[in-house]
Each structure stands twice: as structure tokens, then as C-alpha cells.
Amino acid sequence: MEPTLDIPSAPPPLEIVLVATADEREALAAVLGRLDATIRLREEFAQGSVPQVVMISLDAAGLDSPGVVERHAQLAPTAMIIALATKPTPEMTVGAMRAGAAEVLSLPLDERTCGTVLAKIAAVRAMRQPSTTDPGQIIAVLAPKEGLGATTLVANLGFELGRIHPQRVALVDLDLRNGDLALLLNVDPPQSLADLALGVESLDAVFVHGSLVRHSSGVSLLAAATERTRESPDLTAAHIEHVLTLLHAAHRVVLVDAPPPHSETALAAALRADRVLVPTEATVPCLRATWRLLEVLARLGVPERALEVVVTRYEPDDAQIALDEIADALGRPVHHVVPREDDTASRALNSGLPVASVRADGPLQQGIAALAATMISSNNTHTAPSLSEPWSTQ
């Protein structure tokens with residue numbers, strides 16, 4: 001049976017309050033009117049209605065501009081405050097931002113700049129429309145070791161889920177040193193998670209949405225960094241929790257790639273996630289590392305029902321360690337198996353294509369599709385035995 005597509009309904013008109021002189025309001029109305037017929041302009045707050053945007057002319061406000069911005073930010077705490085000025089100085093910009101403005105734009109306002117800002121707001125509003133079938137979920141993938149194909153798994157789960165939830169799947173790359181999700185998606189992110197760390201105090205849904213890069217499939221990516229670096233940005237667990245919360249509000253599925261070594265931010269993602277996939281493979285060293293990671297996650301308080309073991313690169317005919325032996329070693333069942341198909345995985349990686357585009361009928365794609373099918377509903381729960389003794393070769 002084909003899953004039902006969840007297509008959000010159109011959002012109501014974007015309500016904008018203009019705090020400006022009569023001439024400025026007329027000029028702004030002309031620009032906004034050419035952008036979108038679903039915009040509703042007001043000169044003041046309407047009773048029983050909360051605006052999504054408040055545009056404030058700093059020229060009209062004069063010396064009291066910080067106070068005017070702050071008062072309107074308090075009146076409409078959920079609105080985006082856009083400050084406007086003919087010649088915004090650095091001091092004016094800093095004052096407006098500290099008072100609550102999210103943007104400071106130059107007057108006269110041009111259509112391109114205004115359109116870019118409002119497009120972000122409209123996109124976030126559209127994605128925020130509540131789902132009637134599924135509240136969405138955050139899924140973190142924590143690999144105990146590198147080289148298990150976890151990033152390939154995240155990317156292709158994203159592609160598969162993107163078919164079910166168009167425009168509603170976001171990937172997050174937490175590999176701040178060697179993040180490869182952008183490479184696998186063959187996209188060039190203009191901003192990244194590293195950039196969000198620089199302005200976390202003013203982080204909101206619009207800012208996060210503007211940092212996403214969209215793949216042609218409709219899947220969005222929040223890249224780890226726009227360039228490789230050996231120095232991680234000053235990200236904290238609180239930063240990651242806030243980013244994931246904002247993404248969760250706007251997407252049906254948020255997939256997080258959290259490779260080793262597991263930092264504070266990776267573990268924070270695991271605690272925030274609804275499901276935590278732990279990839280492993282049928283080798284003694286990997287199973288030992290997997291057991292240790294499961295122990296850490298259990299001690300941190302990740303619910304046992306949220307932890308799911310995924311055996312990757314599995315070859316039933318050649319495996320020296322069977323699936324039931326893996327389950328005994330880890331003290332919990334194997335929830336999912338992704339077969340080994342190195343040639344297909346390599347071709348997909350090197351070409352920046354989904355595995356399904358390389359070989360749709362292969363065992364690797366079938367394994368990924370089967371795993372993705374369990375993610376269509378957020379109500380999946382698993383019961384598993386408690387962790388037992390670590391893997392031993394004695």
C-alpha cells in the first residue's frame with residue numbers, strides 16, 4: 001500500500017504592520033504589493049490578530065528608534081522585526097539588533113531584498129502547518145566507528161523519506177571536521193551549522209531556514225561547515241537542541257548524522273531524538289565499540305526503546321558472525337539490516353546520486369527502503385532486553 005502524502009494546506013495571508021510615515025508606508029506598500037498578493041498590510045496592531053512581520057522605519061522613529069523597536073518586539077514576540085533606514089550606520093544597526101530587530105535593511109527597499117526576506121518567512125510558515133497524521137520526528141544516527149557507511153545511510157534515508165514527505169525532510173551534518181553530507185548530496189551550502197554558532201543568541205526559524213541548502217529532490221541540508229577545518233566552532237549542547245527544535249517544528253523528519261568521536265553536541269542530539277540508530281557491522285572490534293556506545297547512551301538517559309541497532313554491510317553468505325550472535329553480544333535485538341553492495345555505494349558516492357538512481361532494484365536500496373518504511377510513522381516503538389556483558393572472544 002502506498003503511503004499517504006501529507007500536503008500542507010496554504011497558510012493564511014502574511015500580516016505585516018508598517019511603523020513608518022505616510023510616504024514611507026505608501027512606498028513600502030507599492031514594493032510589497034508587487035511581491036505577493038497574499039500579504040495583508042496594517043498601520044497598527046489589529047485586535048485579535050498577531051502579525052508575522054513588523055517593519056519599523058528608524059528614520060521616522062528618530063532618536064527613540066531602539067525604544068520603538070523594543071516596544072514592538074514586546075508587543076509581538078513571535079513576529080520578525082525588520083528595521084529600515086535610509087543610511088543605516090553601524091551604531092544604528094547594533095542598537096536595532098539589540099532591541100530585537102532580526103534584519104536592518106536600507107531604504108528605499110528594493111524588491112529583491114524584500115522578496116528574499118519574505119520568502120524565508122513564507123516558507124517557514126508553510127512548513128509549520130500542523131500535520132493531521134504525524135507530528136514528525138528527529139532521528140539521530142550515531143556510529144561507533146568511522147567507515148560503517150553511516151553518512152551514506154543518512155543521505156539515502158533522506159532521499160527515500162523525501163519521496164513520502166515532499167519538502168519536509170531535513171538532514172543535519174554534525175561532522176564539523178570532515179562533514180561529507182554536502183558531498184553526497186552534491187550541493188554547495190552557502191551557510192552552515194558553524195555559521196549558526198556565531199549568532200545563536202538571535203537564532204530563530206527564519207534564520208535556520210535561510211541556512212539550509214535544498215537538494216533537487218526537495219530534501220534540505222544543514223551542513224556542518226562550508227569548508228573543512230580542524231577547529232570546531234563554539235557549539236554547545238544547548239545550541240544543537242535549539243536548532244533541532246526549530247527544524248522539528250518545520251519538518252516531518254529531521255535526520256542527524258553524528259559520527260565519532262562523539263562530542264557534547266552529538267550526545268545532545270541523541271537525547272533530543274525520538275529514535276537513535278546505531279550502525280554496526282559483523283566484526284569483533286566494531287561490536288565492542290558498539291557495546292560501549294550503547295552503554296554511554298543508556299547512562300545518559302536515552303530511552304532503551306529509542307535505541308535501534310542497524311547492521312550495515314551485511315553479507316549473509318560470508319558473515320562469520322551471525323545476526324543472532326550480534327544480538328547476544330550487544331544484549332539487544334538487531335532491528336534493521338542493510339546489505340553490503342560496495343560497487344553501488346561507491347558509484348552513488350562518487351557521482352553524488354541517490355543509491356536508488358544507481359541501482360533501484362539492488363539489495364542496498366531495498367534495505368534502505370525497508371528501514372525508511374519504519375520511519376513513515378513516528379509511533380514506532382521497540383522493546384529490547386537490557387544491555388548485558390560486553391562482547392568477548394574468550
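In what order do the five strands that form an open sheet stand, and what is the pairing between them?

Reply: Before the answer, please keep in mind that this is a predicted model, in which local features need pLDDT of at least 70 and side-chain atom pairs count only at pLDDT 80 or more, while totals for chains, interfaces and linings use all residues. Residues are numbered from 1 along each chain as its sequence is written, and side-chain values use heavy atoms, with hydrogens and water left out.

The five strands form an open sheet in the order E2-E1-E3-E4-E5, and their pairing is parallel. Strands (E, at least two residues) and helices (H or I, at least four residues) are DSSP runs, numbered from the N terminus, and two strands pair if DSSP finds at least two bridges between them. At the edges of this sheet stand strand E2 (39-42) and strand E5 (103-106), each of which pairs on one side only. Neighbouring strands here are turned against each other by 25° on average, with direction ignored; for such angles, axes are lines fitted to C-alpha atoms, for helices over the stretch in contact, and the values run from 0 to 180 degrees between N-to-C directions.

Helix H3 (residues 65-75) lies across E1, strand E3 (53-57) and strand E4 (80-85), and runs at about 165° to E3. Contact, here and below, means heavy atoms within 4.5 Å.

We can now turn to another sheet. Eight strands form an open sheet in the order E8-E9-E7-E10-E6-E11-E12-E13, with mixed pairing, and its edge strands are E8 (213-214) and E13 (334-339). Within this order, strand E10 stands between E7 and E6. Strand E6 (residues 137-142) and E10 run parallel and are joined by six bridges, with Val141 opposite Asp257 in E10. Strand E7 (residues 169-173) pairs with E10 in the parallel sense over five bridges; Leu171 stands opposite Leu255, and Ala170 stands opposite Val254.

In a regular strand the side chains alternate between the two faces of the sheet. Strand E10 (residues 253-258) is mostly covered, since six of its six residues are buried, where buried means under 20% relative accessible area, exposed over 50% and partly exposed in between (1.4 Å probe, protein chains only). Both faces of E10 are covered, with Val253, Leu255 and Asp257 buried on one side and Val254, Val256 and Ala258 buried on the other.

Helix H12 (residues 284-300) lies across E6, E11 and strand E12 (307-314), and runs at about 160° to E11.

A polar atom of its side chain lies 2.7 Å from the backbone oxygen of Cys286. Leaving aside neighbours within four places in sequence, Thr290 is in contact with Pro144, Val278, Pro279, Thr280 and Leu330.

Leu330 leads us to helix H13 (residues 323-330), in which Ile326, Ala327, Ala329 and Leu330 are buried. Seen down the axis of H13, these buried residues fall within an arc of 160°, so they line one face of the helix; the arc is that of the directions from the helix axis to the C-beta atoms. They pack against H12, E12 and E13, whereas Asp324 and Asp328, on the other side of H13, are exposed. Just after H13, Gly331 takes a positive phi of about 75°.

To place these parts in the whole, the chain has 16 helices and 13 strands, and 48% of its 394 residues count as buried.

Notes: A polar contact is a pair of N or O atoms within 3.5 Å; within protein, one must be able to donate a hydrogen and the other to accept it, and residues adjacent in sequence count only if both atoms are side-chain atoms.
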